[in-house]
Amino acid sequence: MTIGPNDPSPPAYEGAPPLLEMRGILKRFPGVLALGGVDLTVRAAEVHCLLGQNGAGKSTLIKVLSGSYQPDGGEIRWEGRPVTFPTPIAAIKVGISTIYQELDLVADLSVTENIFLGHELSTAGFTQRGRASSRARELLARMGHTGIGVHRSVGSLSPASQQIVSMARALSHDTRLLILDEPSAVLDSGEVENLFRVVRGLVAQGVAVVYISHRLEEIRQIGDRISVLKDGSSVATDLPVSETPTRELIRLMTGRSIEYVFPPRTQEPSADAAPVLEVVGLERKGLFEPVTFSVRAGEILGLAGLVGAGRSEVVETLYGARRATAGTVRVNGRAMPNGSVAARVAAGVGLCPEERKSQGLLLDESVSSNITISTLQRFSKAGFLDHAAERVAAREMTESLDVRPAGVDRAVRTLSGGNQQKVVLARWLLRECKVLLLDEPTRGVDIGARTEIYTLVRALADSGVAVVVVSSEVEEVLGLSDRVLVMREGAVVHEAPASALDEAQVLDLVMEGAPA
Amino acid sequence: MSEPETAVVGRATPSPGAQPPSARPTRTSDRDGGGIAHLLRTAAGRNLGLVVALVVLCIAGVVTGGDRFADLNNVLTILRLAAVIGVVSVGLTFVITGGGIDLSVGAIVALSSVWCTTLATQTLANNGTWLVMVFAALAVGAACGLVNGVLVAYGRIVPFIATLAMLAGARGLAEIISNRRTQIVNVPAFVSVLDADVLGIPVLVILFAVVAAIGWVVLNRTTFGRRTVAVGGNPEAARLAGIRVQRHTMYLYVLLGLCCGVAALMLVARTTTGSSTHGTLYELDAIAAVVIGGTLLSGGRGTIVGTVLGVLIFTTLSNVFTLNNLSISAQSVVKGLIIVAAVLLQQRLAARKT
């Protein structure tokens, strides 16, 4: 394994204050505490890795650091002095540059124009094209990329080259701290090597890098120190990469900080019960390899794996939200048309999607409309809605699921994550669906509400619903499911009853090949 | 209704009757804040604001125009003018609430008006029934809407472009069919029915009232309306909830096309002509009325009452200006200012909400 040239850590920080210190950063959104006291310390000339699952708060933290969001509490120090970044410009001025996952380049402008976009080299309003081009060449050369023509339009470049242009743009601002948000997501392995070379070169020149990724093997190669976020809080800071085992990192990212209470498996679903959901050879090329499984009434099937292993994609495809390239899905023996969500819903399938706000809810609409949206037929005669019946049904649901605060006319936006999730669940409960698909059902849900959701899911299964649960949290999958499929890199690598697996085994399976 | 599912949760399910049925808190009653800003955030409050604006305009009309403004005939003129654009605006409220836009409404009105007044159509109408003309206008409107809907929903062309193409195409077709000549209506039955008064109220105004009432019921009291709001508010969530988003989007454009057909009939009756220049710039007037009415251009919230008030405000404004011999150009400037002010107000209220 290659360790960066900057390892062991340079002694530069001894005595001097760290380049960046964030202490107790708080960020609230309506109904949600996105960051609940996050610490981050970055020193000059180090690669500091920020780890955490989707929704852990990494992006929010970066936006606070880059001036896009204002924190509701906590302190930011830059070289020991307290600072605030009221705008992104303020952050850029002290020397913080951020390269987001979606590169913010203008495709139709040239490389040079993109590098100096917003701070064009100019005299009396006229751009100095010659000087800009030669400065652009210098910046690209500083990263060892003289091959990129500075007059080419950025849209014609490969994603890897575009990323280099983004970095050149950052460097054109005299950057001292470079934030890379999942830089490897768009790159193939050769390009990643190249990216690492560039990063190491920059670190050797004294630039600090915050590197965000959930590919642990990359962090091994490029990182000096690691901070881990989970559910909006720091669970570990300043771990030295070389001394922290991978399994420990996964445990920190996915692991419980508090013991969750799982309801007991009340009854074993009888082995000869007919399967409600049958998935045969379902495949979506480029996302996951063919999978075959079935779920019986009363059974909870767990899909374990890291983010990006293809679990959500399998669930979305079997729900019809993505088109399958091959394979069939049958519900109660009836084949479902490819790519039709409406047919699934009509057949009694429901999905609580991974991104609750963008995929699950009509945020500005009332709790009541969100609950009844999939059941409107039941409350209508000849197309006319019976509002009173709708509200009564919604109120029954919110009371039995204990949605707080009570009141079905409240906009769903004002509810906390856990209560929003209950609203999505209530939608499918009301529909009395036969197959319930849950994608990360407890993400952004507090501990108390988690237990309620687990109890509810188990109770549903006991009433005869077939449930599929996707979760990155190993103990959630193990604690909640009857049977577990483990996925890695788009393929199912293991299937076993949950009682026959323990956490360590599953961690090994999801991570196979990585050093323990 | 859903007893088995609620029962498994293991909590007592209180009888729904325990809640006083009269307890119908308004949607925003639990929000903090107060004063005018708070009032304007509620649907009723926003409509009240529009009513106040309309009353102010009327006072301005009485002060500057005196009896000429307050005259019953003048009021009926305002209403007759408002009726045609109003019917289009009601349909457009659905499309915009559903997350779309339609620039082709004026062109569809023109094409429908031309098609239902061709010599062939009128001959048929005179030989049979004047309803032939009604059928022709509605069928042409719905067909244009269907093309828009298919292009937007299934062809995945952004609505702005798809309907821009329809704007050009439909008006061009209207010019070809009419040979750019104004087609006079020679079907007495048609005119005598549609351009008549019932109990002193013009049939056009009654039609507008009926369309607006149907629109309100459909948007607020039917599954179709609820789905429209869902599709416009969050199409992805709507799709994952099992709504056929594409099909629904298509229906919205067909509905608007039908409204354009009705508007064309009203215009033909009022002017006793069909012409390829009918409905020019209706798209701007209709979008303006919908937006100042409080429907969000980004979709997900629509109000028929607001749209009707928006139409009345603009029509009354024109009337007041005309009575004071102010130019059409000055009217346009004031309209522009009103639109900007309304949207700025909307945005500030929306920003405070989040």
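Modeller: Two residues are in contact if their C-beta atoms, placed from the backbone, lie within 7 Å. Please note that this is a predicted model.

Colleague: Leaving aside neighbours within four places in sequence, which residues is A:Val209 in contact with?

Modeller: Once those neighbours are set aside, the contacts of A:Val209 are A:Val47, A:His48, A:Leu178, A:Leu180, A:Val199, A:Leu202 and A:Val203. A:Val209 is also among the residues with the most contacts inside the largest nonpolar core, which has 163 residues. A second, separate core of 89 residues includes B:Tyr253 and B:Cys259.

Colleague: Why is H5(A) called roughly parallel to H6(A)?

Modeller: The axes of H5 (residues 159-171) and H6 (residues 189-204) of chain A cross at roughly 15° and come within 11 Å. Angles under 35 degrees count as roughly parallel, so H5(A) is roughly parallel to H6(A). Their crossing is right-handed.

Colleague: Which residues of H5(A) and H6(A) meet?

Modeller: A:Ala160, A:Gln163, A:Ile164 and A:Met167 in H5(A) meet A:Glu191, A:Asn194, A:Leu195 and A:Val198 in H6(A). By class, that contact has five nonpolar, two polar and one charged residues.

Colleague: What makes H6(B) roughly parallel to H9(B)?

Modeller: In chain B, the axes of H6 (residues 105-115) and H9 (residues 159-178) come within 8 Å and cross at roughly 25°. That angle falls under 35 degrees, and H6(B) is therefore roughly parallel to H9(B). The crossing of H6(B) with H9(B) is left-handed. Their contact comprises twelve nonpolar, one polar and one charged residues.

Note on methods
Residues numbered from 1 in each chain as written. Chains lettered and ligands numbered in written order. Predicted model: local features only at pLDDT ≥ 70, side-chain atom pairs only at ≥ 80, totals over all residues. Axes fitted to C-alpha atoms, helices over the stretch in contact; angles between N-to-C directions. Helix = DSSP H or I, 4+ residues; strand = E, 2+ residues; numbered from the N terminus. Parallel < 35°, antiparallel > 145°, perpendicular 65-115°, else oblique. Left-handed = near helix turned anticlockwise from the far one by under 90°. Nonpolar A, V, L, I, M, F, W, Y, C, P; charged D, E, K, R; others polar. Core = buried A, V, L, I, M, F, W, Y, C linked by C-beta atoms within 7 Å. Buried ≥ 20, exposed ≤ 12 C-beta atoms within 10 Å, placed from the backbone.
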